[in-house]
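Let's take a walk through this protein together. Have a look at the picture, and then we'll go from the whole chain down to single residues.

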Amino acid sequence: MRLSERARLKLDSLLPAPLGYRLDLLRPLRFYGGPMNGQGARQRLVRELMRAVAFDEIVETGTYRGVTTTFLSDVSGLPVHTAEVSPRYVRYARVRCATHPSVTVHHRDSRDLLRELAARPGAPTLFCYLDAHWGEDVPRHDELRIIHARWPRAVVMIDDFQVHDDPGYAYTRYGGAPLNLDYLPELPGWRPFYPATRAAAETGDRRGCLVLATAALAPAVAALDGLRPAGRHLVPTPAT
Ligand SMILES: C[S@@+](CC[C@H](N)C(=O)[O-])C[C@H]1O[C@@H](n2cnc3c(N)ncnc32)[C@H](O)[C@@H]1O
């Protein structure tokens, strides 16, 4: 994260939430960038995914201003659950998402929300956008393990991911380690994909991403124009 961003987050945390979110509402929304980091190719990729796979619901971890949340609702027409730990951002996002009744802004840790959704009966097909971070405690491994254990039909997009053969894409580090394929826990049977658009042709913040598809959805995801295989299976699918 850039120093200016870290300073702004520090300032954000100093004001009490009931006051802070009102101040946030006074700032123009463009101050917070567009959905999916303002990246046009990423937005097209998500639209393509929504057309190709009959998802039942969407989960976003890390709501912040709810900019991507309303985008996900608009492009899918599906129920969207979004989890945010900051009370200030939750208040803001609830106001911003009030025009989207199918969006639920949960004031929860992302892991708790995923566990709660996982405990429901049924087998919904899930699209999950993993973007909860900025603190010391990064939930990425737990989020992935919870989804892997419960949803046989899921597509997971991880933001801020290192695209190892395209250095034009920005990525994050957790505890000094780059967020890349080596960082991930074992996810047997899931297949990884990178954006097919090179960073030079992307717009906005040009953050990398990884898309993971469970075995059931991998063929449909592999056929998308907006994705290319990320090189290898994470762990070979066990022989049946
Ligand atoms: C990069 S921002 C999310 C941006 C948002 N998805 C978007 O596209 O506009 C990361 C957010 O994750 C939140 N966060 C961090 N850890 C979290 C956790 N364990 N559960 C839920 N939210 C978390 C932070 O407070 C921050 O608002």
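Two residues are in contact if their C-beta atoms, placed from the backbone, lie within 7 Å. Keep in mind that this is a predicted model. Among contacts between residues at least 6 apart in sequence, 72% join residues at least 24 apart.

Now for the overall build. The chain holds nine helices and ten strands. Its radius of gyration is 17 Å, close to the 18 Å that the globule rule gives for 240 residues, so the chain is as compact as a globular protein of that length. Along its principal axes, the C-alpha trace spans about 55 × 40 × 30 Å.

What about the inside? Buried residues make up 40% of the 240 residues. In soluble globular proteins, nonpolar side chains tend to be buried together. Here the largest nonpolar core has 53 residues, and those with the most contacts inside it are C128, V155, V156, V211 and A213. Leaving out residues up to four places away in sequence, A213 touches V155, W190, R191, F193, A218 and V221.

Next, find helix α7, residues 110–118, where the buried residues are S110, L113, L114 and L117. Looking down the axis of α7, you'd see them fall within an arc of 95 degrees, so they line one face of the helix. Their cover includes β1, β2, β3 and α8.

Finally, which residues come nearest to the ligand? Of the 20 around it, they are G62, Y64, T68, S110 and A132. The elements giving two or more residues to this shell are β1 and α5. By type, the shell divides into eight nonpolar, seven polar and five charged residues.

Conventions. Residues are numbered from 1 along each chain as its sequence is written. This is a predicted model: local features need pLDDT of at least 70, side-chain atom pairs count only at pLDDT 80 or more; totals for chains, interfaces and linings use all residues. A residue is near a molecule or strand if its C-beta atom, placed from the backbone, lies within 6 Å of it. Helices (H or I, at least four residues) and strands (E, at least two) are DSSP runs, numbered from the N terminus. Ala, Val, Leu, Ile, Met, Phe, Trp, Tyr, Cys and Pro count as nonpolar, Asp, Glu, Lys and Arg as charged, and the others, Gly among them, as polar. A residue is buried if 20 or more other C-beta atoms lie within 10 Å of its own, exposed if 12 or fewer, and partly exposed in between; C-beta atoms are placed from the backbone. The arc is that of the directions from the helix axis to the C-beta atoms. A nonpolar core is a set of buried Ala, Val, Leu, Ile, Met, Phe, Trp, Tyr and Cys residues joined through C-beta atoms within 7 Å. The radius of gyration is taken over C-alpha atoms; the globule rule is 2.2 Å times the number of residues to the power 0.38.
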